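Visitor: I would like to go through this model and ask for the grounds behind each label.
Guide: Go ahead.

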Amino acid sequence: MDRTIKFCDVTLRDGEQTPGVHFTPSQKLDIAKRLRRMGIDIIEAGFPASSAGDFDAVSAVAQDMADDDACTVSALARMTTGDIDAALSAIETAKRKRLHVFIATSDIHLENKLHMTREQVLARIYQCVTYAKSKNIADEIEFSAEDATRTDLGFLCQAVECAVNAGASIINIPDTVGYTTPDEFTDILRAIRQAVKGRYELSVHCHNDLGLAAANSIAAVQAGATQIECTINGLGERAGNAPFEEVVMALTVRHDVIGAFHRIHTREITETSRLVASISGIPISPNKAVVGANAFSHASGIHQHGVMNARTTYEIMDPASIGLNSADTIVLGKLSGRHAFAERVKAMGYSLTPEGIDAAFTRFKEIADKKSVITDEDVRAIVGEYLDSLEGRYYLSTFQIQSGNHIKAMALVTLKVTVGDSEPYEVTEAAPGEGPIDAAFNAIKRIAGAENTVLISYGITAVTEGTDALGEARVRLKAEDNSVYTGRGVSTDVIKASIKAYLNAVNKWTNANKKTKD
Ligand code: KIV
Ligand code: ZN
């Protein structure tokens, strides 16, 4: 029988657990608006007890959805009254509210993390779901059995039964460590349905450690699940979560075998994916299914010939069905004014303050002077860089580099330093390196006292085609405590783009360590 699947997007929560990703409340709002426009049924906006900033972000999303009865706001909580109170309070103003409580159920987690017995876990589930229900704030309660796929099946069924008896109406079975396989997952879900009677919706939440998250999600639908949790571009802890775009397009393209409907406006997929890539700073790999740059490119002559005769020879989806063609517009040029720029930025899903528009527009003008045509991709790179640069302590003033094939590269970098409200001052450092970029990074490290951070990745890509293309540099830094900071910089000059990217990551590292450095 045909069913309608609900999508619960967890980009703002699990997606934010991607190393180096942090969303501000206003960034979460921008992404949430896009998700709603795309027809997402439930947005998991965050984990309010995890930090004051996340509490504010979830509250901001909830407030923005005060009149929205098409989309539910969900907040995550551990099984403690403190977490539950924080989550309920953060979502209170939304029209439709969901509380999502979780506790681990596998013996591995019980022994090594929770130090609880199975009986204690069952008691905690019953107490906490009952407590949350008694507050009468959330319209519905979702229960997740963390590490469900490595949990003893009999105990998993007991935990689910306990949650259902206490009042949970959505039962989520997470494959927390991306361990299960489609057939095994199907058996687990069918066994739960068989063992636990009552009215509840079955949901799944698959991680991608073995690259099976999308396949496992689809298998779950075939086994009776009616909610899928996933993230845009597959962001998430470790190898990420089930990528939304892959799951929704599998349901769409293979409706003939899966037989399930959804309410997603698939034409919004490309814009949403690009907005999330830009805000998160995590680029989409070219060979990524559905939204990668190569997903509709045909390199071999035989394929090109086939597609020219009939698109369906080598394409199983129409690019227009994911909004690909409409997202590739040439929009602005050097004569475009602030108003046209601001309108375009807004239409692309960003809500910048007037100061933000001014700063991004200044960058746009600098770039438009060097580059005849500015595409949406260029605008995304400019705005993305601006968003990343907020609250920076170090700004690039000047740099000079000496480099050649017979001399060691040497960089002289001057940064403007702003600490709190005090007057900015300039600091200059010189440093050698294994090439111009390494030398510049070493000079910045000296100025910022970041000698103990390690550059774990560096890359530069052309945002668009042509010799005047904007270069977008991305770096990832690892700090001593293993936390990761990403940075990006754009410029038509690749060395400048690289320095800005590095500075951006150093600024994030400095912000996180401010208390000890001031
Ligand atoms: O992966 C997981 O188990 C989770 C739960 C909190 C649902 O993210
Ligand atoms: Zn997860």
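Visitor: How many bridges join strand 16 to strand 17, and do they run parallel or antiparallel?
Guide: This is a predicted model. Eight bridges join strand 16 (residues 471–478) to strand 17, and the two run antiparallel. Two strands pair if at least two bridges are found between them, so with eight bridges these two count as paired. Within this pairing, A473 stands opposite G489 in strand 17.

Visitor: What makes strand 15 and strand 17 the edge strands?
Guide: The open sheet has three strands in the order 15-16-17, with antiparallel pairing. Strand 15 (454–462) and strand 17 (484–491) each pair on one side only. From one strand to the next, the twist averages 15°.

Visitor: Which helix packs on the sheet, touching strand 16 and strand 17?
Guide: That is helix 15 (residues 376–389), whose direction makes about 135° with that of strand 17. Helix 17 (residues 494–512) lies across strand 15, strand 16 and strand 17, at about 150° to strand 17.

Visitor: What are the protein donors of the zinc ion (ligand 2)?
Guide: They are D14 (OD), H205 (NE2) and H207 (NE2), lying 2.0 to 2.1 Å from the zinc ion. The cut-off for a donor is within 2.8 Å of the metal, so these atoms qualify. Along the chain the donors follow the spacing D-x190-H-x1-H. D14, in the loop between strand 1 (3–9) and helix 1 (25–38), and H205, in strand 7 (residues 201–206), are 191 residues apart.

Visitor: Why does D14 count as buried?
Guide: Buried means under 20% relative accessible area. D14 has 2% relative accessibility, so it counts as buried. H205, at 5%, therefore counts as buried too.

Terms used. Residues are numbered from 1 along each chain as its sequence is written. Chains are lettered from A and ligands numbered from 1 in the order in which they are written. This is a predicted model: local features need pLDDT of at least 70, side-chain atom pairs count only at pLDDT 80 or more; totals for chains, interfaces and linings use all residues. Side-chain values use heavy atoms; hydrogens and water are left out. Donors are N, O and S atoms within 2.8 Å of the metal (3.2 Å for Na, K and Ca); water is not among the atoms, so sites may look incomplete. Helices (H or I, at least four residues) and strands (E, at least two) are DSSP runs, numbered from the N terminus. Buried means under 20% relative accessible area, exposed over 50%, partly exposed in between (1.4 Å probe, protein chains only). Axes are lines fitted to C-alpha atoms, for helices over the stretch in contact, and angles run from 0 to 180 degrees between N-to-C directions. Contact means heavy atoms within 4.5 Å.
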